[in-house]
Structures are given as structure tokens and as C-alpha cells.
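Subject: Structure for you to look at

Hi,

Here is the structure I promised to pass on. Please open it beside this email.

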Amino acid sequence: MVCDICGIKEASIHFKQVINNQTTSIHLCEECAEEKGFGLSSISQPFPNLLEFFSNIFKEEKGAIAEEMRCTGCGMGLSEFQKGGRLGCSDCFEAFKQPLLSLLKQIHGNTVHIGRHPFGFEKIAQKEKKLKILKDELKKAISTENYEEAARLRDMIKALEQ
């Protein structure tokens with residue numbers, strides 16, 4: 001792949017940014033990357049500003065409102081997570097759910113795992129996926145007052161859950 005700036009040399013540094021499902025990629029050769037301040041010589045550590053990166057994402061997303069979020073389990077604030085990069089307890093996942101989902105979406109492009117599963121977990125994942133689909137269909141059937149279909153879906157869910 002050729003450098004996006006000079007168009008001559010082979011690109012060796014690749015940046016990919018996903019914001020609101022819009023992906024932007026740029027491919028640079030080493031010289032153009034150095035000129036733009038993204039060169040390898042300017043990096044003293046493999047991930048020098050990872051915590052700062054996470055902090056900036058949260059600040060951009062939620063601003064002052066996010067600063068006020070606190071976990072009811074351990075009392076940890078979102079700003080503490082931003083500084084340390086670690087959650088305080090299992091309740092923090094629920095307390096900071098929206099910022100964490102937003103962060104995962106920015107990093108991975110999605111909040112649902114769509115890749116391969118560990119050996120032996122594939123059947124469980126398929127069963128959970130099918131249950132979710134059936135439960136969604138059940139809600140639709142109930143909302144449209146299609147009770148025969150709802151009863152059929154309820155029975156399928158019961159059979160699958162056993």
C-alpha cells in the first residue's frame with residue numbers, strides 16, 4: 001500500500017479511527033509519519049498515552065455529566081477510572097455501562113462479539129442468540145396481540161431453556 005500523503009513510498013504506519021460507525025483510515029510512510037508527528041521515533045513506550053486516550057474519549061463523549069457518575073457498589077467515580085484505567089468492582093460495569101459501551105464501540109467498532117468463540121462455547125453462544133431472537137419475537141407477538149404465536153414462541157423458549 002502506498003503512502004496517502006506522498007503517494008510514492010510504501011506505507012508502514014496505518015491509523016484507523018471509528019467514530020459513530022464511520023471509519024477513517026490513513027496510511028503513511030515513515031518519513032511522512034515523522035513529519036506529521038506520528039513517527040516511531042517520537043514514541044518512547046509502546047502505548048505511551050493509553051490512559052490519556054481513554055480519558056479523552058470519555059471527556060469528549062459525556063463532558064461534565066460523566067464526571068458526576070459514581071458506582072453505587074464501591075463509590076468509585078468515572079474520573080478515577082479514567083486516571084487508573086481499572087474499575088473498582090463488578091457493579092462498576094453497570095454504573096459505567098454507557099461510557100464503557102461507547103468506548104468499546106470506538107475501539108472495536110461494535111459492542112457485540114462477532115468473532116470466533118473458545119472451543120466448547122459455540123453451542124452455548126448459539127443457544128443464547130436463538131433465545132434472544134425468540135424473546136424479541138415474543139415481545140412483538142404480545143404487542144400485536146397475536147396470542148397464538150406468543151404461546152408457540154413461549155413454548156419454544158421453555159423447551160430451549162431446559
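Below is what was found in it, starting with the whole chain and ending with the surface.

One caution before the details: this is a predicted model.

Overall layout

The protein chain has 7 helices and 2 strands. Along the sequence the order is β-β-α-α-α-α-α-α-α. Of its 162 residues, 22% are buried. The accessible surface of the chain is about 12400 Å². Carbon and sulfur atoms account for 54% of that surface. I also looked at contacts between residues at least 6 apart in sequence: 34% of them join residues at least 24 apart.

Helix α7

Helix α7 covers residues 147-161.

Which residues of α7 are buried? They are A150, L153 and I157. These three cover an arc of only 65° around the axis, so they sit on the same side of α7. The buried residues of α7 pack against α6, residues 122-143. The face turned away from the buried side carries the exposed residues E148 and A159.

R152 pairs with E149, with the closest N and O atoms 2.6 Å apart. R152 and E149 are 3 residues apart in the helix, so about one helical turn separates them. Neither end is buried. R152 has a relative accessible area of 41%, so R152 is partly exposed. E149 is partly exposed too, at 26%.

Other salt bridges

How many salt bridges does the structure hold? There are 6. In general, side chains of opposite charge can pair when their charged atoms come close. Besides the R152 and E149 pair, two are worth a look.

E31 and K9 meet through their side chains, at 2.3 Å from N to O. This pair links distant parts of the chain, 22 residues apart. E31 is in helix α1, residues 30-35, while K9 is in the segment before β1. E31 has 48% relative accessibility. Exposed means over 50%, so E31 at 48% counts as partly exposed. K9 is partly exposed as well, at 35% relative accessibility.

D136 and K132 form another bridge, at 3.4 Å from N to O. Both lie in helix α6. They are 4 residues apart, about one turn of the helix. K132 is at 55% and counts as exposed.

Surface patch

I5, F15 and I26 make a nonpolar surface patch of about 220 Å². F15 belongs to strand β1, residues 13-19.

Where to start

Begin with α7, and find A150, L153 and I157 on its buried side. Then turn to the opposite face for E148 and A159. After that, go to the salt bridge between E31 and K9. Finish at the patch of I5, F15 and I26.

Best wishes

How values were computed
Residues are numbered from 1 along each chain as its sequence is written. This is a predicted model: local features need pLDDT of at least 70, side-chain atom pairs count only at pLDDT 80 or more; totals for chains, interfaces and linings use all residues. Side-chain values use heavy atoms; hydrogens and water are left out. Patches are made of residues with over 30% relative accessible area and no salt bridge: like charges are joined within 9 Å, nonpolar side chains (Val, Leu, Ile, Met, Phe, Trp, Tyr) within 5 Å. Accessible areas come from the Shrake-Rupley method with a 1.4 Å probe; for residues, only the protein chains shown count as cover. A salt bridge is a side-chain nitrogen of Lys or Arg within 4 Å of a carboxyl oxygen of Asp or Glu. Buried means under 20% relative accessible area, exposed over 50%, partly exposed in between (1.4 Å probe, protein chains only). Contact means heavy atoms within 4.5 Å. The expected span of a helix is 1.5 Å times one less than its number of residues. The arc is that of the directions from the helix axis to the C-beta atoms.
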